[in-house]
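Here is a short briefing on one protein chain. Look at the model first, then read the notes below.

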Amino acid sequence: MLHGLRALAGQNWFSPSITEIADGIGVGVHFNPFVTWNDKMLKYGVVQMHDLIEDVLNWDRFYLSGRLQKPVHILVDNLDIGHANSVNLRAAVSAALLFLPPEFSEEDLFAKICSLSYMGDLRMLFAEDRNKVRNIVQGQFDLFQSMYKPFLEEYENKDLIRFSSSNGLKANICQDFGLPATNALVSSLPSTIKSYMGMKLGEKKILGESGQVVREITIGSREEAARCMQKVLRRTVMISSARQAVSGFLASGGVTAARYLAKKMSKAWKSWRQ
């Protein structure tokens with residue numbers, strides 16, 4: 001069970017109609033907002049374990065995987081979700097690096113990672129705080145640092161990045177912008193993303209390190225790879241956010257959905273007036 005997210009393995013926590021809506025119309029997760037516990041208002045989600053693992057490893061819907069790229073607290077982990085999520089976090093670093101310039105700050109990196117799951121999200125047009133990404137990163141900066149430290153060290157050892165200087169507790173980073181480095185980053189993206197990118201950019205057969213023939217995406221430049229990946233992510237997020245919005249409306253009922261949307265729009269309106 002994750003903070004705000006309950007992963008189910010064969011349990012039936014909700015009525016069949018709700019789970020059918022979540023699976024058939026939505027993206028496999030049902031959120032229940034406005035839950036009161038210890039005088040606090042909570043929102044939690046329920047998802048089948050298989051759906052959670054699939055999205056974390058493959059980004060086929062890029063919904064739950066995007067949420068697990070941000071700091072969460074795992075309370076109970078019977079199937080080693082933390083280990084599976086390490087694949088998700090490494091891929092998030094690779095995706096963010098493809099979008100970033102040759103030099104950037106740690107805060108820039110975490111903000112880019114945090115923004116990945118909002119690309120194409122229809123709610124960002126009218127129902128989300130425009131400062132949401134910045135607030136998430138600044139409010140949990142030390143958690144982002146500890147969360148992504150192993151992967152930054154891994155990429156530093158591979159000479160993909162280099163820590164150039166430190167501004168207090170926030171480091172500045174340089175990255176290799178060459179084509180081999182770009183290929184290395186793309187190769188660590190999830191299979192679903194690479195499959196779509198391969199269809200758009202083309203693929204070639206090469207001899208892998210294991211001696212087997214493997215397919216590699218044909219990449220002409222860093223910019224080309226970033227543009228292609230952005231299109232794929234935006235389309236995936238747009239479809240998932242739209243499906244989840246319809247699913248949430250049908251599963252929770254019009255009154256609850258309208259109340260939740262009104263609350264989100266109020267926060268968004270306040271942020272745009274600042």
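**Around Gln175**

Gln175 touches Leu97, Leu100, Pro101, Pro102, Phe104, Leu160, Ile161, Leu185 and Arg222, leaving aside residues up to four places away in sequence; contact means heavy atoms within 4.5 Å. This is a predicted model: local features need pLDDT of at least 70, side-chain atom pairs count only at pLDDT 80 or more, and totals for chains, interfaces and linings use all residues. Residues are numbered from 1 along each chain as its sequence is written, and side-chain values use heavy atoms, with hydrogens and water left out.

- Gln175 sits in strand β6 (residues 170–175); strands (E, at least two residues) and helices (H or I, at least four) are DSSP runs, numbered from the N terminus.
- Gln175 counts as buried because its relative accessibility is 8%; buried means under 20% relative accessible area (1.4 Å probe, protein chains only).

**Helix α9**

- In helix α9 (residues 191–201), the residues Thr192, Ile193, Met197, Gly198 and Leu201 are buried.
- Gly202 follows α9 and has a positive phi, near 95 degrees.

**Second largest cavity**

- A cavity is a set of points, on a 1 Å grid over the protein atoms alone, where a 1.4 Å probe fits but cannot get out; lining residues have an atom within 4 Å of a point.
- Phe62, Tyr63, Arg67, Ser117, Asp121, Val237, Ser240 and Ser241 form the lining of the second largest cavity.
- Helix α10 (residues 222–252) supplies the largest share of that lining, three residues.

Note on methods: Buried < 20%, exposed > 50% of the residue type's maximum accessible area, 1.4 Å probe, protein only. 1 Å grid on protein atoms, 1.4 Å probe; cavity = no way out; pocket = protein on both sides within 12 Å on 5 of 7 lines; lining within 4 Å.
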